[in-house]
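The structure comes up next.

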Amino acid sequence: MALGLSTPTISKRITNEDADFSLQRLMSKLQIRKLITLDTKDYITISATLFLPPHQYNISALNHVWQVGYYADGMEPMKHPTDLQNFDSAETINLRTRESVNAGEHRNHLRKVHGILNIVGWGTFLPIGVIIARYFKVHPKRLTWWFELHVCCQIVGYILGTIGWIIGLCLGNASKYYIFHTHRIYSIFIFTFTTLQMLALRLRPDKNDEYRKFWDMYHHFLGYALLAVISVNIFNGIDILKSDQTWRSAYIGLLGIFAIITLAFEAYSWFKFLADKQNKKATRDSQQLTNQQPYQSTNHS
């Protein structure tokens with residue numbers, strides 16, 4: 001338990017040598033009643049009632065922290081895990097009104113908003129835009145408004161993903177001593193190169209430019225690479241939250257839907273491409289046969 005003093009204090013690191021002395025000093029300043037220790041076969045429970053002097057402690061804002069550890073070396077508890085749930089295990093209690101404010105509740109809400117925006121923005125609208133550009137530009141069916149739909153999906157996905165990315169930066173700055181380096185590196189990579197892709201709306205070469213085909217190759221390769229990194233980072237974020245399987249199952253289901261749609265369009269594209277190629281060949285052979293018939297007829301006469 002952390003006690004919030006009404007006046008500023010200087011904290012120091014407690015070493016093993018002075019831990020017992022510091023605990024004794026703390027207990028000497030408090031009125032402790034009903035101190036009970038229960039020693040069973042599997043665990044030890046210590047409970048007590050503390051009386052805090054109002055002139056020395058701010059009882060309207062008591063900072064309370066708690067942790068759950070799973071390991072011990074004999075009778076000595078080992079370090080507890082350092083997951084987000086442990087980081088959020090703190091609250092401020094008003095002993096006068098018996099009300100409490102959970103310090104981690106607001107951060108947990110922001111994390112969920114951050115995750116939803118990134119899944120919808122980076123993980124949903126961007127893949128839909130890629131599918132539209134790949135399968136409705138030429139094969140299997142040419143859609144007149146394919147470019148406008150592609151751009152709209154990319155813009156909406158970019159806006160939602162950027163908002164989620166900014167929320168993630170705010171969460172990172174709020175917990176300077178608790179940083180997910182891999183998740184952050186992936187996020188910076190995604191935002192940087194997605195921004196570069198969005199600049200293609202104005203900076204892409206003209207269709208008749210000799211370098212246009214090289215730019216198309218770069219644009220397509222970077223887009224597919226970004227989709228792969230986005231999926232990896234979303235799974236990484238779900239692992240950080242350590243929530244139930246709902247998030248993971250929902251995103252796996254979304255990826256499954258995209259995979260089915262992509263495979264169906266890809267198979268249909270190749271089928272239509274080969275069928276068109278065969279029809280063109282048959283038409284060309286028929287034209288050649290038609291052109292040869294007068295010559296053969298004249299030669300026979």
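A crossing is left-handed if the near helix is turned anticlockwise from the far one by less than a right angle, and right-handed if clockwise. H4 passes H5 in a left-handed crossing. Helices here are DSSP runs (H or I, at least four residues), numbered from the N terminus.

This is a predicted model: local features need pLDDT of at least 70, side-chain atom pairs count only at pLDDT 80 or more, and totals for chains, interfaces and linings use all residues. Residues are numbered from 1 along each chain as its sequence is written, and side-chain values use heavy atoms, with hydrogens and water left out.

**H4 against H5**
- The axes of H4 and H5 come within 11 Å and cross at roughly 150°. Axes are lines fitted to C-alpha atoms, for helices over the stretch in contact, and angles run from 0 to 180 degrees between N-to-C directions.
- H4 is therefore roughly antiparallel to H5 (the term covers angles over 145 degrees).
- H4 brings Gln154, Ile155, Tyr158, Thr162, Trp165, Gly172 and Asn173 to the contact, and H5 brings residues including Arg184, Phe191 and Met198. Contact means heavy atoms within 4.5 Å.
- Six residues of this H4–H5 contact are nonpolar, seven polar and one charged. Ala, Val, Leu, Ile, Met, Phe, Trp, Tyr, Cys and Pro count as nonpolar, Asp, Glu, Lys and Arg as charged, and the others, Gly among them, as polar.

**H5 against H7**
- The H5 and H7 axes come within 9 Å, crossing at roughly 150°. H5 is therefore roughly antiparallel to H7.
- H5 passes H7 in a left-handed crossing.
- Among the residues that meet are His183, Phe189 and Phe193 in H5 and Leu222, Val229 and Ile240 in H7.
- The contact of H5 with H7 has twelve nonpolar, nine polar and no charged residues.

**Cavity**
- The structure holds one cavity of 30 Å³ or more. On a 1 Å grid over the protein atoms alone, a cavity is a set of points where a 1.4 Å probe fits but cannot get out; lining residues have an atom within 4 Å of a point.
- The largest cavity has a volume of about 600 Å³. A volume is the space filled by probe spheres set on the points, with grid points joined across faces, edges and corners.
- Of its 31 lining residues, His114, Gly168, Phe180, His183 and Ile240 are the closest to the centre of the largest cavity.
- H2 (84-87), H3, H4, H5 and H7 each supply at least two residues of this lining.
- The lining of the largest cavity has 18 nonpolar, ten polar and three charged residues.

Notes: On a 1 Å grid over the protein atoms alone, a cavity is a set of points where a 1.4 Å probe fits but cannot get out, and a pocket is an open set with protein on both sides within 12 Å along at least five of seven lines; lining residues have an atom within 4 Å of a point. Angles under 35 degrees count as roughly parallel, over 145 as roughly antiparallel, 65 to 115 as roughly perpendicular and the rest as oblique.
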